[in-house]
Amino acid sequence: TMGESNSNPRLFRFVGGRIGGWVVRSSRAVIGEGLPSVERLDLGSGTTAIPDGAKWILRGVTSNPRYTTRTEKEQLVRKQAALGRPEATLSALIPIRKSAKWWELTQDERRDIFESQSKHTTIGLKYLPEIARRLHHCRDLSEPEPFDFITLFDYAKADESAFDDLLAALRATAEWKFVEREVDIRLERA
Ligand code: HEM
């Protein structure tokens with residue numbers, strides 16, 4: 001809504017259409033329904049005008065960590081890079097929705113699946129700093145959103161196969177059994 005875009009600097013908007021700084025190389029429905037195919041992706045803050053020819057718009061907010069321990073946080077901060085390095089000419093936008101069953105679990109049950117069983121952070125840490133990432137949450141926006149998370153990554157061409165290995169490892173975990181919709185959109189800087 002207008003109120004949200006005007007007041008929240010953590011709000012990001014992802015517009016599939018004809019213009020934008022990223023060329024869409026591929027878009028694949030991993031599970032569930034895909035998204036209409038588009039030529040370009042426009043990544044912007046919540047406040048800018050919707051570009052002409054937009055076919056879909058996704059929104060999400062960055063937030064505080066839910067499942068990260070102090071030790072993990074320190075490891076992440078020590079290794080991770082920010083999005084937007086000049087050599088990171090490839091990007092992936094992967095919107096994800098988890099099932100009602102996931103959201104009915106308690107915090108401790110979700111943490112157990114996320115890390116004790118699935119090793120999400122442990123696996124991910126091995127790919128830092130080459131893969132940079134930003135996680136956006138969608139559930140608490142005032143308008144209902146089609147996904148729960150918008151994940152965004154960037155990396156150099158040489159690290160694309162490592163990124164594919166990382167995704168294969170995560171998709172094989174207990175956590176991903178709760179993923180009911182996932183679209184894998186690969187981008188290249190225009
Ligand atoms: C959440 C690390 C790659 C999807 C998280 C969290 C961490 C993390 C620490 C938890 C944040 C919190 O405490 O709330 C990493 C690292 C990666 C990586 C270091 C290496 C690049 C990926 C990839 C995907 C992914 C490739 C696949 C699209 C997600 C999702 C969440 C998440 C959907 C939210 C889970 C939830 O709250 O239920 N990641 N991740 N991550 N990550 Fe990753």
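Q: How do I read relative accessibility, and what does Pro-146 count as: buried, partly exposed or exposed?
A: Residues are called buried under 20% relative accessible area, exposed over 50%, and partly exposed in between (1.4 Å probe, protein chains only). Pro-146 has 32% relative accessibility, so it counts as partly exposed. Please keep in mind that this is a predicted model, in which local features need pLDDT of at least 70 and side-chain atom pairs count only at pLDDT 80 or more, while totals for chains, interfaces and linings use all residues. Residues are numbered from 1 along each chain as its sequence is written, and side-chain values use heavy atoms, with hydrogens and water left out.

Q: Where is the place of Pro-146?
A: Helices (H or I, at least four residues) and strands (E, at least two) are DSSP runs, numbered from the N terminus. Pro-146 sits in the loop between E6 and E7.

Q: Which residues is Pro-146 in contact with, leaving aside its neighbours within four places in sequence?
A: A contact is a pair of residues with heavy atoms within 4.5 Å. For Pro-146 the partners are Leu-58, Arg-97 and Arg-181. Arg-181 is 35 residues from Pro-146 in sequence, and their C-alpha atoms are 9.2 Å apart in space.

Q: Now the ligand, please. Which of the residues around the ligand come nearest?
A: A residue is near a molecule if one of its heavy atoms lies within 4 Å of it. There are 26 residues around the ligand, and Arg-66, Tyr-67, Thr-68, Lys-98 and His-120 come nearest.

Q: How many residues of each class does the shell around the ligand have?
A: Ala, Val, Leu, Ile, Met, Phe, Trp, Tyr, Cys and Pro count as nonpolar, Asp, Glu, Lys and Arg as charged, and the others, Gly among them, as polar. Here the shell has 17 nonpolar, 5 polar and 4 charged residues.

Q: Which polar side-chain atom lies 2.9 Å from a nitrogen atom of the ligand?
A: A polar contact is a pair of N or O atoms within 3.5 Å; within protein, one must be able to donate a hydrogen and the other to accept it, and residues adjacent in sequence count only if both atoms are side-chain atoms. The atom you ask about belongs to His-120. The elements that give two or more residues to the shell are strand E5 (90–98), helix H5 (120–125), strand E6 (132–137), strand E7 (149–155) and helix H6 (160–171). H5 supplies the largest share, 4 residues.

Q: What is the only protein donor of the iron atom of the ligand?
A: Donors are N, O and S atoms within 2.8 Å of the metal (3.2 Å for Na, K and Ca); water is not among the atoms, so sites may look incomplete. For this iron atom, the only protein donor is His-120, through NE2 at 2.1 Å. His-120 belongs to helix H5.

Q: How many residues has the largest nonpolar core?
A: A nonpolar core is a set of buried Ala, Val, Leu, Ile, Met, Phe, Trp, Tyr and Cys residues joined through side-chain atoms within 4.5 Å. The largest one has 17 residues, and Trp-56, Leu-93 and Ile-185 have the most contacts inside it. Strand E1 (11–17), strand E2 (22–31), strand E4 (56–61), E7 and strand E8 (179–189) each supply at least two of its residues. E8 gives the largest share, 3 residues. Apart from this core lies another, of 16 residues, among them Leu-90, Ile-123, Tyr-127 and Leu-170.

Q: Is His-136 buried or exposed?
A: His-136 counts as buried because its relative accessibility is 0%. This residue is part of strand E6. Its side chain makes a polar contact with the side chain of Arg-134 at 3.0 Å, and a polar atom of that His-136 side chain lies 2.9 Å from the backbone oxygen of Ile-150.

Q: And which helix holds Glu-72?
A: Glu-72 is in helix H2 (residues 70–79). With a relative accessible area of 11%, Glu-72 is buried. Leaving aside neighbours within four places in sequence, Glu-72 is in contact with Tyr-67, Arg-111, Glu-115 and Thr-121.

Q: What about the backbone: which peptide bond is cis?
A: Look at the bond from Leu-128 to Pro-129, where omega is near 5 degrees. Pro-129 lies in the loop between H5 and E6. Another backbone feature is at Lys-119, which has a positive phi of about 55 degrees although it is not a glycine.
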